[in-house]
Amino acid sequence: MRTQRSLSKVNEGFDYFIDYNNNANQTKCIREVRVKCLQSLEDLKRICEKLGLKFDYYSEETMLVDMILDDMILENQRLYLIKWQGYDSAHSSWEPVEGLINCEDMIYFYDTMKNPPSILNEEMIFCFIKDLLTRKPYDYLTLTKLCALIFKLDEKYINSLKLSFADLRKKASKILNIPTAKLNKINDELLNLMQFSEKRKLVLLSLHEWEIKINKNNFSPYVKIENNVDLEGPPMDFNFISDCISSYVDLTPHALVYCTCKDCGKNRNGCCAHYFDDQFAYDKHRRLQLPPGYPIYECNDRCKCDKNCINRVVQCGQKIRVCIFRTSNGCGWGLKTLDPIEKGQFALEYTGEVITSNHAEERAEVYDHLGRTYLFDLDYEEDCLYTVDSMLYGNASRFINHSCNPNLETYSVWANQQDPNLPKIAFFARKKIYRGEELTFDYKMEDSRNTKGVSDLEKERILCMCNSRNCKKYLV
Ligand SMILES: C[S@@+](CC[C@H](N)C(=O)[O-])C[C@H]1O[C@@H](n2cnc3c(N)ncnc32)[C@H](O)[C@@H]1O
Ligand SMILES: [Zn+2]
Ligand SMILES: [Zn+2]
Ligand SMILES: [Zn+2]
């Protein structure tokens with residue numbers, strides 16, 4: 001699967017590759033000519049044109065076809081939109097079929113899937129399986145569906161086996177041994193699955209590209225994206241940010257209060273929190289030792305201690321690796337941890353766009369219609385002046401779902417920014433959280449329907465799907 005283009009360096013000169021294969025007027029077929037070139041590429045191209053030769057240049061860096069994204073007919077010629085291996089889809093290019101070497105299977109499969117026959121043939125099944133077993137990122141979902149279909153098993157049951165991709169692949173490849181007569185019995189389901197798989201390819205590609213994009217400007221550990229559930233792609237217009245931003249509020253850090261301890265860990269009662277009549281937040285392992293609702297005052301840039309002070313935790317950023325994943329309980333995206341988290345350990349901060357509460361009211365109405373909210377009130381003080389909105393700007397915490405029995409607790413934290421109305425929102429583990437567990441917190445959403453009009457009273461409540469034993473049934 002490759003097309004040959006561009007040039008390769010050989011010693012002091014260049015080798016140019018001239019392909020006569022497709023020239024119908026050539027009586028003699030010359031497969032490949034290599035000449036040491038003393039001329040520029042442009043000169044050579046002109047000479048070839050003069051001689052009526054097809055000019056193509058060739059590189060050591062071969063371009064491999066990853067997949068066909070689309071097709072069209074232009075001036076009676078069919079062109080395919082090619083996604084190249086190692087390049088993102090923005091670099092895809094329209095290519096005629098002659099430019100695509102060793103891509104016959106791929107083109108055949110693409111064309112046939114566009115106009116599928118009512119009865120599948122062996123070749124199509126072979127192309128489908130070959131692609132499914134080798135394509136990256138792996139498509140666990142289609143593979144699971146295929147196993148469920150050929151072994152007449154329940155998908156949930158296969159999921160519960162937690163098979164590795166290699167095991168799933170081994171099982172799915174058994175389809176190649178199934179006699180045609182037997183396959184004919186599942187012809188329609190198989191055809192549906194092939195079409196589903198084509199859609200999944202594009203979804204997985206867009207999610208993979210999103211994963212690369214969000215990790216480019218991300219200072220926390222690498223964030224993974226996983227969708228083994230459906231055809232949902234990346235959320236529209238969402239921008240990944242590490243720190244809160246605002247065009248409404250000045251977020252410039254400015255600490256008035258600071259400590260002069262020699263060792264903050266040993267001077268717990270005289271450190272920063274003391275100036276606010278509050279308690280030192282962390283134990284010697286930097287685990288939180290305050291009950292929910294208590295404020296955290298960390299050391300700041302003006303304190304005499306250094307960056308290793310144990311009273312600097314949230315400001316040092318997220319240390320755990322997380323994965324944004326598609327939930328299977330109907331909650332949309334969720335967040336899971338890829339590292340174990342100890343009780344009291346800092347997990348991550350809630351970042352987003354800091355807006356005034358008036359703006360938040362307006363946005364809340366829009367989000368209510370969508371049935372989704374990304375608003376987090378900074379309401380440590382009784383009067384809530386500001387809200388963090390992570391609908392368009394946020395970090396991985398934007399994907400944390402609600403649970404009535406959560407494993408994270410939220411705390412208000414002040415470090416360099418000491419405005420009582422502008423705390424950082426930080427999540428700490430309420431209990432030991434195991435690798436792979438979904439992260440959740442209690443949204444504690446207020447039921448605004450009591451304070452609003454009749455039409456609000458009638459609006460539908462959002463059913464809670466947390467599945468915990470003490471579930472309160474509704475989010476609001
Ligand atoms: C901050 S977002 C969490 C990420 C969200 N699941 C997504 O796909 O983008 C909050 C929204 O997720 C959904 N959600 C979160 N927890 C839920 C739960 N326990 N039950 C039902 N929906 C939930 C609701 O639509 C809620 O407004
Ligand atoms: Zn101190
Ligand atoms: Zn300190
Ligand atoms: Zn619940």
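Helix α4 is followed by K152, a residue with a positive phi near 50 degrees. The structure described here is a predicted model. The protein chain contains ten helices and 21 strands. Of its 476 residues, 28% count as buried. Among contacts in the chain with a separation of 6 or more, 65% are between residues 24 or more positions apart.

Helix α4 spans residues 140-150, and eight of these eleven residues are buried, so the helix is largely enclosed by the rest of the structure. The buried positions are Y140, L141, T142, L143, T144, K145, L146 and C147. The elements against which these buried residues pack are α3, α5 (155-160), α6 (165-172) and α8 (187-216). Two of these partners, α6 and α8, are treated in turn below.

The axes of α4 and α6 are 9 Å apart and the two helices pack at an angle of about 40 degrees. The two helices are therefore oblique to each other, and α4 passes α6 in a left-handed crossing. On the α4 side the contact involves Y140, L143, T144, L146 and C147, and on the α6 side F165, L168, R169, K171 and A172. By class, seven of the residues in this contact are nonpolar, one is polar and two are charged. In general, an α-helix has 3.6 residues a turn, so residues three or four places apart point the same way.

The packing of α4 with α8 has another geometry. Here the angle is about 170 degrees, and the axes lie 10 Å apart. An angle over 145 degrees counts as roughly antiparallel, which means that α4 is roughly antiparallel to α8. Residues L141, T142, K145, L146 and L149 of α4 make this contact with E189, L190, L193, F196, S197 and R200 of α8. The class count for the contact of α4 with α8 is six nonpolar, two polar and three charged residues. L146 is listed in the contact with α6 and also in the contact with α8.

The crossing of α2 past α3 is left-handed. In this contact D105, Y108, F109 and T112 of α2 meet M124, C127, F128, K130 and D131 of α3. The contact is made up of five nonpolar, one polar and three charged residues.

D131 belongs to helix α3 and is one of the residues that meet α2. S197 is in turn among the α8 residues in contact with α4.

The loop between α3 and α4 contains P137, and the peptide bond from K136 to P137 is cis, with omega near -5 degrees. In the loop between β7 (93-96) and α2 lies N102, a residue other than glycine with a positive phi, near 60 degrees. N102 counts as exposed because it has 11 C-beta neighbours inside 10 Å. K162, in the loop between α5 and α6, is also a residue other than glycine with a positive phi, in this case near 50 degrees. With 7 C-beta neighbours inside 10 Å, K162 counts as exposed.

The remaining feature concerns ligand 1. This ligand is surrounded by 17 residues, of which G332, W333, N401, H402 and M465 are the closest. Strands β12 (333-337) and β18 (401-402) are the elements that give two or more residues to this shell. By class, the shell comprises eight nonpolar, seven polar and two charged residues.

Key
Residues numbered from 1 in each chain as written. Chains lettered and ligands numbered in written order. Predicted model: local features only at pLDDT ≥ 70, side-chain atom pairs only at ≥ 80, totals over all residues. Left-handed = near helix turned anticlockwise from the far one by under 90°. Helix = DSSP H or I, 4+ residues; strand = E, 2+ residues; numbered from the N terminus. Contact = placed C-beta atoms within 7 Å. Nonpolar A, V, L, I, M, F, W, Y, C, P; charged D, E, K, R; others polar. Near = placed C-beta within 6 Å. Buried ≥ 20, exposed ≤ 12 C-beta atoms within 10 Å, placed from the backbone. Axes fitted to C-alpha atoms, helices over the stretch in contact; angles between N-to-C directions. Parallel < 35°, antiparallel > 145°, perpendicular 65-115°, else oblique.
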